Amino acid sequence: PLWGMYLGNVCANWTWYTLLTFLPQYLLEIMGCDLTKSGALFTVPYLCMMTSEVTGAFVTDKLIKSGRASLFVVRTTATAVAGLGCAACLVGVAQHQSSTSTIALFGASLAFLALNNSGSFLVANDLYPRVAGVAMGIANTLGTIPGIVSPVLSGYLLSKGKCPKDEKYHADTPRSCIDAWDLIFYIAAGIYMLFALTFVRFASASYKGVGYHKGKRRHADPISQPLLGHAGTHPDLDV
């Protein structure tokens, strides 16, 4: 299960860093949005992300503590919705509709992405609370890798697609450049969707016996897996 969280952080951060790095450039060069004249519009996707993250955390906590849904159901549902929803929105972006619909899709994709903070992102807190800080440190360290690789790969694809480098809108943008942008979004969508489906498939055994009963937390007896998720026992992880 911890490997699932590590993988999830890598996949989610691939999508996050791709959008964080290239969203303004895409809106300017492909959709013709002028940042100097409509700067507030560029904040919409990130406001959507913030709202979704706070709302998702509140709703999922209520569902778990009230007993209306098990910890397993909440975590897997949040992860699946995040992965499939974000992927669908990024595929929609690649259809190159109006600038307004594109910004709306970017906002929705980041909103779905933020839901994973109520999903697989909390595996360490759920299953290994005594070492959750260390586990999250490892997850965040691994999660920085796509922050390096994704921008480099995306930049390479744009270069191969012969995209203009003058940071201006061009009505006659080469088809090869459009295809390069499409591929960037398809890669981000595919990586995140594949992770979400994989996590849902393999999470059930890990969450067996873990959850809340009448508002009080209960654990499996015992949960004793090493920090990196291999089979075996580890006395410091028994909860």
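Start with the first pair. In α1, V10, N13, W14, Y17, T18, T21, F22 and Q25 meet P146, G147, V149, S150, P151, L153, S154, G155 and L158 of α7. Contact here means heavy atoms within 4.5 Å. By class, that contact has nine nonpolar, eight polar and no charged residues. The classes: Ala, Val, Leu, Ile, Met, Phe, Trp, Tyr, Cys and Pro are nonpolar, Asp, Glu, Lys and Arg are charged, and the others, Gly among them, are polar.

Before I go on, a word on the source. This is a predicted model; local features need pLDDT of at least 70, side-chain atom pairs count only at pLDDT 80 or more, and totals for chains, interfaces and linings use all residues. Residues are numbered from 1 along each chain as its sequence is written, and side-chain values use heavy atoms, with hydrogens and water left out.

Now the geometry. Helix α1 covers residues 2–29 and helix α7 residues 145–160. Their axes lie 8 Å apart, at an angle of about 45 degrees. Axes are lines fitted to C-alpha atoms, for helices over the stretch in contact, and angles run from 0 to 180 degrees between N-to-C directions. So α1 and α7 are oblique to each other. The cut-offs: under 35 degrees is roughly parallel, over 145 roughly antiparallel, 65 to 115 roughly perpendicular, and the rest oblique. The crossing of α1 and α7 is right-handed, meaning the near helix is turned clockwise from the far one by less than a right angle.

Second pair. Helix α2, residues 44–66, and helix α3, residues 71–93, have axes that come within 9 Å and cross at roughly 160 degrees. α2 and α3 are therefore roughly antiparallel. Who makes the contact? T60, L63 and I64 of α2, with L71, V74 and R75 of α3. That gives four nonpolar, one polar and one charged residues.

Stay on α2. P45, M49, S52, G56, T60 and I64 are buried, that is, under 20% relative accessible area with a 1.4 Å probe, protein chains only. Just after α2, G67 takes a positive phi of about 80 degrees.

Last, the whole protein. How many helices and strands are there? Eight helices and two strands. Helices are DSSP runs of H or I, at least four residues; strands are runs of E, at least two. Buried residues make up 43% of the 239 residues.

Terms used: Buried means under 20% relative accessible area, exposed over 50%, partly exposed in between (1.4 Å probe, protein chains only).
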